[in-house]
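I opened the model to look up a few packing details. My notes follow in the order I took them.

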Amino acid sequence: MGSVVQGGVIRGHAHVYPRAHINTDEIIPARYLNTHDHAELAKHAMEDIDPGFVSRVKQGDILVGGEDFGCGSSREHAVWSLRTAGISCVIASNFARIFFRNSLNNGFLSIECAGFADKAKNGDDLEVDLAKGVIRNHTQGTEHIFVALTPFVQEMIAAGGLLPMVAKKRGTVYNPAIAAAKPDVSVAQLKTVRVVS
Amino acid sequence: MARPQTITEKILAAHSDRDTVRPGEIVNARIDLVVCHEITTPPAIRMMAQMGVTKVFDASKIVVTPDHFVPNKDIQTAELTKELRNWVKAQGIARYHELGEHGICHALVPEKGYILPGMTAVCGDSHTTTLGAFGAFASGVGSTDVAAVLTTGELWFRVPETIRFNVTGKLPHGVYSKDLILHIISKIGVDGARYCAMEYHGSAIASMSMEARMTITNMAVEAGGKTGIMEADDITKNYLSARTDETYTVYKSDGDAEYSAVHNIDASALEPVVALPSLPSNGRFIGEVGHVAIDQAYIGSCTNARIEDLRIAARVMKGRRVADGVRCIVVPSTSGVWRQALREGLFEVFAEAGCVVSTATCGACLGGSMGVLGKQEVCISSTNRNFVGRMGHAEALVYLASPATVAASAIAGHIVDPREYLERPLRREKEAGVPVGAVATPEQEEYLWGV
């Protein structure tokens with residue numbers, strides 16, 4: 001799984017899509033929404049905009065987009081497919097609201113930095129420093145300030161996302177290992193899970 | 001003196017125990033209605049298990065219907081709907097709508113009277129904004145949000161800025177609320193209302209039916225909006241009184257509320273609008289579209305497949321035939337609309353015109369089933385999105401328009417002005433006092449169309 005924020009720094013190579021309005025139908029086409037298995041979805045990430053994306057992306061890489069990234073449907077499948085394909089965070093000029101919400105709810109960073117996509121090149125060595133609020137492009141030797149995360153979002157990211165935060169408030173534990181269950185999980189299986197947790 | 005507020009701010013404040021809220025603030029709002037379907041809810045069911053949650057916060061505040069891929073289009077879809085159905089049973093959710101009583105959720109929920117003014121409503125679906133036509137705060141969210149709200153009954157929101165749209169005048173004949181919203185999106189862009197509430201006022205809105213209004217709020221997300229919202233009025237109350245006995249609170253924006261922008265639009269000046277591929281903001285007046293031959297015409301979706309939409313399409317198609325080489329697919333939005341259309345004889349009109357009629361489903365709107373497009377095929381559609389790959393192949397081309405324009409184009413075989421097909425009954429021209437061959441005055445036009 002990507003999106004592990006260690007020491008407040010994310011470092012990876014850039015995959016740049018500078019076009020505005022890259023939408024959820026391009027990130028994960030609806031023909032694959034008959035499953036919510038993250039590994040299955042990851043095989044088709046960005047398929048309709050760049051069929052070679054999945055084969056090139058390496059664990060920890062950073063996706064760089066233009067304006068209004070992730071517009072369109074509410075499918076969280078878009079975030080899951082990118083994250084499970086290996087992407088550690090998305091940097092875009094700005095984001096469509098549901099994609100932005102979904103990403104933060106998952107503890108997966110969406111970083112807003114206007115115009116960054118126009119300067120970054122595919123393969124650039126990027127570093128996102130959350131504490132300092134800057135993106136360093138080591139390949140080009142440049143630094144870019146990004147839009148600061150609100151305190152609420154910082155709290156949610158620190159907790160690992162919305163669900164760990166909700167579970168903590170309710171005095172339960174969020175156990176993502178259960179995500180390994182297959183999509184055809186039965187009610188009986190779910191009941192077993194409940195007993196365990 | 002309390003800060004003057006918009007309707008959106010008032011509803012969010014009332015649901016988070018605040019007197020007032022300001023744009024940019026994060027609030028944790030109680031949710032009155034959670035709508036669930038088979039795409040985004042099964043992941044949420046899993047997530048609840050991950051949190052060790054065994055019971056939803058309140059089964060009476062949940063509405064469930066399968067809609068995206070119904071009837072099940074493949075084995076995996078069958079597993080998703082089964083997972084949803086089993087969960088509904090386990091949780092004791094009464095408002096579940098099985099195939100035959102199902103519908104596209106954003107059309108079904110109003111039809112059943114589940115959405116009321118003043119409510120907060122969410123669904124793991126971007127077109128949840130539709131419900132804002134009732135003076136409710138309704139917004140699309142993701143599956144993680146659905147899991148959180150099903151667990152706690154609350155959800156975090158950044159209070160949105162509000163953009164106000166004053167729509168004056170009256171839509172001309174042959175021009176519909178779909179044309180209006182496509183026009184608005186073409187003016188402000190697909191991110192023109194990003195993170196914002198789109199609030200509508202004016203005589204053109206006041207004279208619209210609830211169905212016409214829902215087409216407008218439905219497409220708020222196509223401008224990036226968090227919600228589309230209209231104040232409840234007598235038309236809202238009449239629509240609801242036929243469907244529910246529940247009481248509700250009507251909120252209205254204060255006269256001096258703060259708006260991040262105000263747009264004034266004269267509806268009388270509009271013409272039919274078509275959004276060219278591949279953005280909903282590529283709207284052009286029909287006269288600027290040029291000759292576009294089509295392979296398919298699709299009348300369906302949460303945007304435009306309610307009974308009024310089907311009546312308009314049938315009016316265009318009555319006594320005519322779909323052009324050779326064109327497939328025309330009609331997909332009523334709910335089972336209730338389907339039965340009503342059957343009773344009114346609309347299916348006979350469609351069938352004789354050479355259309356096919358499906359059960360309610362999101363279907364080909366999102367490239368799911370019932371009319372998925374192949375490479376380089378061209379479709380005119382009454383739906384809401386024409387993004388790359390939206391209705392099928394990434395090289396298919398989708399044009400968005402009103403049901404009237406879609407129906408007329410199906411007959412012509414290429415994109416046309418529907419007004420040529422919505423002819424005035426000739427005998428009434430005489431009654432209206434229009435000399436033969438003369439152009440009717442505005443007053444005479446009013447009479448002729450006032451059927």
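**Helix pair in chain B**

I began with two helices: the axes of H10(B) and helix H12 (residues 346-353) of chain B come within 9 Å and cross at roughly 45 degrees. I noted the hand of the crossing of H10(B) and H12(B) as left-handed. On the H10(B) side, the contact is made by B:Leu310, B:Arg311, B:Ala314 and B:Met317. H12(B) brings B:Leu346, B:Val349, B:Phe350 and B:Ala353 to the contact. I sorted the contact of H10(B) with H12(B) by class: seven nonpolar residues, no polar and one charged. I keep in mind that this is a predicted model.

**Helix H13 of chain B**

H10 (307-317) came up again in my next entry, as one of the elements against which the buried residues of H13(B) pack. The others are strands S11 (273-275), S13 (296-299), S14 (327-330) and S16 (378-381) of chain B. How many residues of helix H13 (residues 403-412) of chain B are buried? I found ten of the ten, so the helix is largely enclosed by the rest of the structure. The buried residues include B:Pro403, B:Thr405, B:Val406, B:Ser409 and B:Ile411. I also checked what comes after H13(B): B:Gly413 follows, and its phi is positive, near 90 degrees.

**Strands S8 and S9 of chain B**

I looked at which way the side chains of strand S9 (residues 227-230) of chain B point. B:Thr227 and B:Ile229 point one way, B:Gly228 and B:Met230 the other way, and all are buried. Strand S8 (residues 197-201) of chain B runs parallel to S9(B), and four bridges join them. In one of these pairings, B:Ala197 has B:Thr227 of S9(B) as its bridge partner.

**The four-stranded sheet**

I traced an open sheet of four strands in chain B, in the order S3-S2-S4-S5, with parallel pairing. Its edge strands are S3 (62-64) and S5 (137-140) of chain B, each pairing on one side only. Neighbouring strands of this sheet are turned by 15 degrees against each other on average, direction ignored. I counted the bridges between strand S2 (residues 33-36) of chain B and S3(B): three, with the strands running parallel. B:Cys36 has B:Val64 in S3(B) as its bridge partner.

**B:Leu12**

I picked one residue of helix H1 (residues 7-14) of chain B, B:Leu12. Is B:Leu12 buried or exposed? With 24 C-beta neighbours inside 10 Å, B:Leu12 counts as buried, because 20 or more is the cut-off. Leaving out residues up to four places away in sequence, B:Leu12 touches B:Val21, B:Val27, B:Ala29, B:Phe137, B:Phe157 and B:Val159. I also took one C-alpha distance: B:Leu12 and B:Met119 are separated by 9.3 Å, though 107 residues apart along the chain.

**Chain A and the contact**

I turned to chain A, which has nine helices and seven strands. Of its 197 residues, 49% count as buried. Among contacts in chain A between residues at least 6 apart in sequence, 69% join residues at least 24 apart.

Note on methods: Residues numbered from 1 in each chain as written. Chains lettered and ligands numbered in written order. Predicted model: local features only at pLDDT ≥ 70, side-chain atom pairs only at ≥ 80, totals over all residues. Buried ≥ 20, exposed ≤ 12 C-beta atoms within 10 Å, placed from the backbone. Contact = placed C-beta atoms within 7 Å. Axes fitted to C-alpha atoms, helices over the stretch in contact; angles between N-to-C directions. Left-handed = near helix turned anticlockwise from the far one by under 90°. Nonpolar A, V, L, I, M, F, W, Y, C, P; charged D, E, K, R; others polar. Pairing = 2+ DSSP bridges.
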